[in-house]
Amino acid sequence: TFVVNESCIRCKIMDCVDVCPVDCFYEGENMLVIHPDECIDCGVCVPECPVDAIQPDTEPGLEKWLSLNAEYAKIWPNITVKKAPPPDSKEWEGKPDKLPYFSP
Ligand code: SF4
Ligand code: F3S
């Protein structure tokens, strides 16, 4: 499966949503997650994200993010059409250690 990592937090650009053939993105207040049981590993969302927030779960160190994606995909609403990113989205691009800003 593919996983949304912390780069998405507060950027939430949502270009990924429009290309997913199985609509497996779920929307939180300031990031999206992928439902690991629904993702078909097509990879088309990866180049759509300008901040490289989507990675295969085979990348080392992503366990925490895989768990977070799995947990919140069960709770958050499905999103199938891109919305407007937050007004300050650009300011958060490339910022490290954004987990403290995660909104459950
Ligand atoms: Fe959707 Fe494909 Fe991305 Fe999985 S890899 S989230 S199926 S676009
Ligand atoms: Fe997040 Fe990138 Fe999608 S910032 S909402 S994973 S396009």
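Q: Helices here are DSSP runs of H or I with at least four residues, and strands are E runs with at least two. With that in hand, what pattern does the chain follow, read along the sequence?
A: This is a predicted model, and its chain reads β-α-β-β-β-α.

Q: What share of the contacts in the chain with a separation of 6 or more comes from residues 24 or more positions apart?
A: That share is 80%. A contact here takes two C-beta atoms within 7 Å.

Q: Which residues of helix 2 are buried, and why do they line one face of the helix?
A: In helix 2 (residues 63-73), the buried ones are Trp65, Leu66, Leu68, Asn69, Tyr72 and Ala73. Looking down the axis, they fall within an arc of 165 degrees, so they line one face. Turned away from that buried side are the exposed residues Glu63, Lys64, Ser67 and Glu71; to be called exposed, a residue has 12 or fewer such neighbours.

Q: What do the buried residues of helix 2 pack against?
A: They pack against three strands: strand 1 (2-4), strand 2 (25-27) and strand 3 (32-34).

Q: What makes up the shell around ligand 1?
A: The shell divides into eleven nonpolar residues, one polar and one charged. Cys counts as nonpolar under the rule used. Of the 13 residues around ligand 1, Phe2, Cys20, Cys39, Cys42 and Cys45 come nearest.

Q: And how does the shell around ligand 2 divide?
A: Into eleven nonpolar, no polar and three charged residues. Of the 14 residues around ligand 2, the nearest are Cys8, Ile13, Cys16, Cys49 and Ala53.

Q: How do you know what confidence the predictor has in each residue?
A: That's pLDDT, on a scale from 0 to 100. The chain averages 97, and 100% of the residues score at least 70. For the complex, the predictor gives an ipTM of 0.98 and a pTM of 0.97.

Methods. Residues numbered from 1 in each chain as written. Chains lettered and ligands numbered in written order. Predicted model: local features only at pLDDT ≥ 70, side-chain atom pairs only at ≥ 80, totals over all residues. Near = placed C-beta within 6 Å. Buried ≥ 20, exposed ≤ 12 C-beta atoms within 10 Å, placed from the backbone. Arc of directions from axis to C-beta.
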